[in-house]
Amino acid sequence: PRFVAMYFSAVDHAGHMYGTRSRAVRKALKKVDAAIGMLRRELEERDLLSRVNLVIVSDHGMADVKQRIDLDRYWPEVEEHLDWADWGPVASFHPRVGHLEKVHAKLLEVCADLPVTVYMREELPAHFKYHSNVRIAPLLIVSEVGYTVDLSTSTFYPRGNHGYDPTDERMNAILIAHGPKIISPSQQWTLEEAGHPIPEAIENVEVYPFIADLMEIEPMPSNGTGLLSNLVVQRL
């Protein structure tokens with residue numbers, strides 16, 4: 001195979017259930033680290049490590065939840081005006097036909113003193129990159145970090161959550177890349193001299209075009225800018 005993807009859910013699950021500083025998170029980190037270590041050893045034993053590019057990335061960070069805001073405690077009839085809703089740090093609402101203005105006005109009223117902001121889709125901050133797709137709901141509630149929106153009937157009370165403003169450092173993730181087509185630390189000074197400094201941080205939207213470059217395929221249109229292209233060894 002040219003491309004293999006693996007997902008380890010243990011750290012995410014532990015963070016949601018027990019919070020970021022829990023013993024369960026530390027245990028999950030050790031478990032995933034051991035799994036990645038085993039993968040690397042097995043590749044080395046099969047003499048494949050020099051032929052495989054490994055890209056290890058987390059899709060998000062995690063923040064401890066201070067409070068779950070049960071919206072129906074502030075507006076008991078909220079569900080009567082919705083066709084569909086998705087709950088969490090960013091709650092999305094599809095009001096019933098003809099109810100958009102009413103739901104928007106009511107959400108502005110009931111959320112005025114809560115640690116959240118109500119947005120129409122087109123009002124979302126530009127750095128969210130979350131406003132131009134038809135799948136995005138017309139109304140959204142964006143929570144401050146540490147809060148999450150739900151209904152009182154929900155049985156899920158997360159101790160940790162993600163999906164907050166990506167500029168908050170608690171949402172930071174990791175990116176580790178190593179392989180024959182990836183510029184090594186010892187080679188990076190040549191990029192600096194050529195006026196291509198290594199970025200200290202990137203957005204996760206850059207991972208897809210980076211992997212496409214590694215595989216020498218033309219990426220589909222995306223929010224990525226090709227910021228990491230300089231880290232890929234020139235095509236043979």
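A pocket here is an open set of points on a 1 Å grid over the protein atoms alone, where a 1.4 Å probe fits, with protein on both sides within 12 Å along at least five of seven lines. Its volume is the space filled by probe spheres set on the points, which are joined across faces, edges and corners.

This is a predicted model: local features need pLDDT of at least 70, side-chain atom pairs count only at pLDDT 80 or more, and totals for chains, interfaces and linings use all residues. Residues are numbered from 1 along each chain as its sequence is written, and side-chain values use heavy atoms, with hydrogens and water left out.

Select D59, I202, E203, N204 and V205. Of the 42 residues lining the second largest pocket, these lie nearest its centre. (Lining residues have an atom within 4 Å of a point.)

Now colour β7 (139-143), β10 (175-178) and α5. Each supplies at least two lining residues. β10 gives the most, with three. (Helices are DSSP runs of H or I, at least four residues; strands are runs of E, at least two; both are numbered from the N terminus.)

Move to the largest pocket, with a volume of about 1,700 Å³. It is lined by 43 residues; select M6, F8, V55, I56 and V57, which lie nearest its centre. Next show α1 (10-18), α2 (23-45), β1 (54-57) and α5 (207-215), the elements that give two or more residues to this lining. Which element gives the most to the lining of the largest pocket? α2 does, with seven residues.
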